[in-house]
Amino acid sequence: LLIIKSLCKDDFKIENLSDSNDTKILADCLKNCNSREVFDVGDAGTPFRFLTALFAVTPGARILTGNERLCERPIKPLVDTLRRMGAQIDFLGEEGFPPLSIKGKEIQGGKVLIDAAISSQFVSALLLIAPVLPNGLEIELKKDVASAPYISLTLGMMKYFGIDSEWNDDFIKIKPQKYQAINYSVEADWSAAAFWFETAAIDNDAEIELCGLLEKSLQGDAFVEDVFTKLGIESAFLQNSVMLKNGTKNTSFFELDFVDIPDMFPAVVAACAALKIPFRFTGLRNLALKESNRVEAMVSELSKFGFRFRFEEPDVLFSNGFEHGSGNEIVCNSHNDHRIVMALAPLSLLGYNIIIQNPLCVSKSYPSFFDNLKSAGFNVCFSEIL
């Protein structure tokens, strides 16, 4: 929405905009687009990718960088594609990784090929600028697309603002067009809702109402409702919310491919471990490229609770039993990853006193997470040593 607003000739209002760090960082970068030379987005991967494409078509010289972890996350497929389109972008450190030097100029567009196996955001970044290119853009998607529902989400948002597109097999085509200024109210975040589904799955008496979520959502992570139905959650949509209730009936074995829903992995693996449901999870390859290596992080932290796992191969994870740990206090590493923190916190329902190091990294996507936990009845205490 923020990128579309910056590319639209006329202004429009955005209501219910997230107060997450990622959103604030992107909004700040766009506000200062023409008055600053260096843009540091911290750990905000989505803003980095979207700004890479936007800065490439915005006149001016800029340096785009981030924190240490972000500079370990690959950006080469997007940069290579923009270069082939005529963009002037240089790597300032290791080839293929941030930081970047970008000299914005007019790019004609046309036909391009991009490897979309690492991140759908590479594709979304190109799609968002496509309508303002003189020749539009025809994108051929090379290899399997990671998180394809997010591309559908991007195209759906663009359609709301007047942009027509065609997506046939491995080709997406967008002709030169103008974004139309239309006010928009943002739906709540289904990715964040996953951790309340997890909470409801663990607590047999849970009844939780999540406001601002729609039954017919553009968000691919709305699939979390179907996932947790198999883990015993009954969902009922009201006028502007969804009510969760633990039906206590769940599957005896759970199999799921996370290729399209990678952000669901921490909540789902934590719920299955807590419920001692045997599982086989696939489509995990890109989880190593998130704020942490999320598979390794969750396996490491859940092992502290006595949960055991095994890998058939790097992309396939099995449950491998449960051993009762000693004591009732467990110290967990957040791995500086918001979704790891949010997946671990509900496990206190198992009777553990959980201490999480660096818990406030949740501000990346869900700053009010711990306030909401308190409102739901959890005992949450903070200490400076954490």
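Predicted model: local features only at pLDDT ≥ 70, side-chain atom pairs only at ≥ 80, totals over all residues.

User: Let's start with Arg339: what makes it count as buried?

Analyst: Its relative accessibility is 7%. Buried means under 20%, so Arg339 qualifies.

User: And how do you know that Arg339 forms a salt bridge with Asp263?

Analyst: The closest N and O atoms of the two are 3.6 Å apart, and the cut-off is within 4 Å. Asp263 is buried too, because its relative accessible area is 12%, against a limit of under 20%. Arg339 sits in helix H11 and Asp263 in the loop between strand S14 and helix H9, so the pair ties together parts that are 76 residues apart in sequence. Both residues also belong to a network of salt bridges, whose members include Asp22, Asp43 and Arg73.

User: Why is Glu312 called partly exposed?

Analyst: Its relative accessible area is 45%. The side chain of Glu312 meets that of Arg280 in a salt bridge, at 3.7 Å from N to O. Glu312 lies in strand S16 and Arg280 in strand S15, so this pair ties together parts 32 residues apart in sequence. Arg280, with 23%, is likewise partly exposed.

User: How do you know that the buried residues of helix H2 are on the same side?

Analyst: Those residues are Asp22, Thr23, Leu26, Cys29 and Leu30. They cover an arc of only 130° around the axis, which puts them on the same side of H2. On the other side, Lys24 and Lys31 are exposed. The buried residues pack against helix H1, strand S2 and helix H3.

User: Finally, which residues touch the most other members of the largest nonpolar core?

Analyst: Of its 70 residues, they are Phe228, Phe254, Phe265, Val268 and Phe281. Helix H7 gives the most to this core, with 10 residues. Beyond its neighbours within four places in sequence, Phe281 is in contact with residues including Phe254, Phe265 and Val268.

Definitions and conventions: Residues numbered from 1 in each chain as written. Heavy atoms only, no water. Core = buried A, V, L, I, M, F, W, Y, C linked by side-chain atoms within 4.5 Å. Buried < 20%, exposed > 50% of the residue type's maximum accessible area, 1.4 Å probe, protein only. Helix = DSSP H or I, 4+ residues; strand = E, 2+ residues; numbered from the N terminus. Contact = heavy atoms within 4.5 Å. Arc of directions from axis to C-beta.
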